[in-house]
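Hello,

Here is the structure I promised to pass on. My notes follow it.

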Amino acid sequence: MEKVQEIVGRNLKYYRYQYGLSQEKFYEKFGLNYKYLASVECGEVNVSIEFLANLAKLLKIDIREFFNPNIERKIVKKRIDEKLKED
């Protein structure tokens, strides 16, 4: 069974891809620590709910998206693309 931190990390990586940014550029853009977040993407660390809530706000997604093991990627991609156009 997949660990929760692996699901969160995989989904974080997916959303970063939606921005079309490398890890370094993504984390630089949002003023976050690259090494720590790289560990999050790899599922190596547990993160706080507060951290995920802040990250979800930056990404313009619902925090629950991080915990979904079966995200329908195409639907989510369309929604993110629409939100980015609003900015």
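Val4, Ile49 and Phe67 make a nonpolar surface patch of about 270 Å². Such patches take residues with over 30% relative accessible area and no salt bridge, with nonpolar side chains (Val, Leu, Ile, Met, Phe, Trp, Tyr) joined within 5 Å. A salt bridge here is a side-chain nitrogen of Lys or Arg within 4 Å of a carboxyl oxygen of Asp or Glu. Areas are Shrake-Rupley, with a 1.4 Å probe. Ile49 belongs to helix H4 (residues 49-59). Ile49 is exposed, at 55% relative accessibility (buried is under 20%, exposed over 50%, partly exposed in between). Helices are DSSP runs (H or I, at least four residues), numbered from the N terminus.

This is a predicted model: local features need pLDDT of at least 70 and side-chain atom pairs 80 or more, while totals for chains, interfaces and linings use all residues. Residues are numbered from 1 along each chain as its sequence is written, and side-chain values use heavy atoms, without hydrogens and water.

Now the rings. There are 3 aromatic pairs (ring centres within 6.5 Å; planes under 30 degrees apart are stacked, over 60 edge-to-face, the rest tilted). Tyr14 and Tyr15 pair edge-to-face, at 5.2 Å and 70°. Both are buried. Tyr36 and Phe51 are also edge-to-face, with centres 5.6 Å apart and planes at 85°. That pair ties helix H3 (residues 34-41) to H4, across 15 residues of sequence. Tyr36 is partly exposed at 34%; Phe51 is buried at 19%. Ring pairs also link Tyr14, Tyr15 and Phe66 into a cluster.

Last, the loop between H4 and H5 (73-86) holds Lys60. Its phi is positive, near 65°.

Best wishes

Technical notes. Patches are made of residues with over 30% relative accessible area and no salt bridge: like charges are joined within 9 Å, nonpolar side chains (Val, Leu, Ile, Met, Phe, Trp, Tyr) within 5 Å. Helices (H or I, at least four residues) and strands (E, at least two) are DSSP runs, numbered from the N terminus. Buried means under 20% relative accessible area, exposed over 50%, partly exposed in between (1.4 Å probe, protein chains only). Rings of Phe, Tyr and Trp (its six-membered ring) pair if their centres lie within 6.5 Å; planes under 30 degrees apart count as stacked, over 60 as edge-to-face and the rest as tilted.
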